[in-house]
Amino acid sequence: MISLITGGAQGIGFSTAEHFVRRGDKVCILDRAGVAEAREKLGADVLAIEGDVTNPADVDAAVVRTVETFGGLDTLVTAAGIVAVEQAMDVVADAFMRMMSVNVLGSFLPAQSAARHMSENGGGSIVFIGSVYGSVGAPKRTAYCASKGAVHNMMQSLATEWGPLGIRVNALAPTGVRTPMVQDLIDKGIYNMVGVRNRTPLGRIAEPQEVAAAAAFLSSPEASMVHGIVLPVDGGWIANGYTW
Ligand SMILES: NC(=O)c1ccc[n+]([C@@H]2O[C@H](COP(=O)([O-])OP(=O)(O)OC[C@H]3O[C@@H](n4cnc5c(N)ncnc54)[C@H](O)[C@@H]3O)[C@@H](O)[C@H]2O)c1
């Protein structure tokens, strides 16, 4: 298969690129930074493009280069994203808009560009990286939760429009994942606190490889009838209402 992964230079996107290379995909990563270093680790066959997922020209160029280089595009995984931890009363408009821009528009634009190609070339599969915070709220994460809720809902709308075109659309909802995005929380021991462990029946946060494996499933022919879902990768975090 031929795959494009946004945010592929580190974290969940990078692990997904590693997994897809291992399964034999032709892989293109698109990231605003770190693409040369990532390509060194992933291998010379990987196409690495620097660009911003909120810029339609960058996104279209990545899709065009993927198709020109590898001869098509079967799978898109949108792993570019940002997080912020701030009291709702302190969030300024620009920061809120930036969150929505990167996490929502920055997921929509690659999906739209990929779907334009896929719809005329036999279909494909799109996997959005959402979050458990797309389904529940949390203090100090209002903008992030709003953005991930939007991604989950957008996924459902796109599934209704693009399913008839042969494009499967799904999302993953990871719990905390050991990536550079949350390294400071890991360093401070917050992800090992009793509250996190108690809420998570499996007792730990996720590794990026575990999210990559779920993305591999959703994008594969094994998931040919899986469409329009949010698949938690959370060790049971969402399922558990008993936290005390
Ligand atoms: N790490 C977690 O605990 C966790 C949990 C649930 C969901 N997620 C989601 O998974 C996705 C990936 O997160 P991660 O933990 O791998 O983060 P990360 O910060 O390690 O990696 C994100 C990548 O996206 C890139 N990026 C950010 N903005 C971009 C832009 N405008 N254009 C192009 N590239 C851009 C960054 O350069 C980086 O390489 C995000 O959407 C995040 O919200 C992460």
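**Aromatic rings and charges in close-up**

**View 1. Tyr 133, Tyr 144 and Trp 237 are linked into a cluster by ring pairs.** The model is predicted, so local features need pLDDT of at least 70 and side-chain atom pairs count only at pLDDT 80 or more, while totals for chains, interfaces and linings use all residues. Residues are numbered from 1 along each chain as its sequence is written, and side-chain values use heavy atoms, with hydrogens and water left out. Rings of Phe, Tyr and Trp (its six-membered ring) pair if their centres lie within 6.5 Å; planes under 30 degrees apart count as stacked, over 60 as edge-to-face and the rest as tilted. Two aromatic pairs are found in a search of the whole structure.

**View 2. Tyr 133 and Tyr 144 form an edge-to-face pair.** Their centres are 6.4 Å apart, with 80° between the planes. Tyr 133 lies in the loop between strand S5 (124-129) and helix H5 (142-162), and Tyr 144 in helix H5, so the pair ties together parts 11 residues apart in sequence. Helices (H or I, at least four residues) and strands (E, at least two) are DSSP runs, numbered from the N terminus.

**View 3. The rings of Tyr 133 and Trp 237 form an edge-to-face pair.** Their centres are 5.7 Å apart and their planes at 90°. Trp 237 lies in the segment after strand S7 (230-233), so this pair ties together parts 104 residues apart in sequence.

**View 4. Arg 23 lies over the face of Phe 20.** The distance from the ring centre is 3.9 Å. A charge sits over a ring if NZ of Lys or CZ of Arg is within 6 Å of the ring centre and within 35 degrees of the ring normal.
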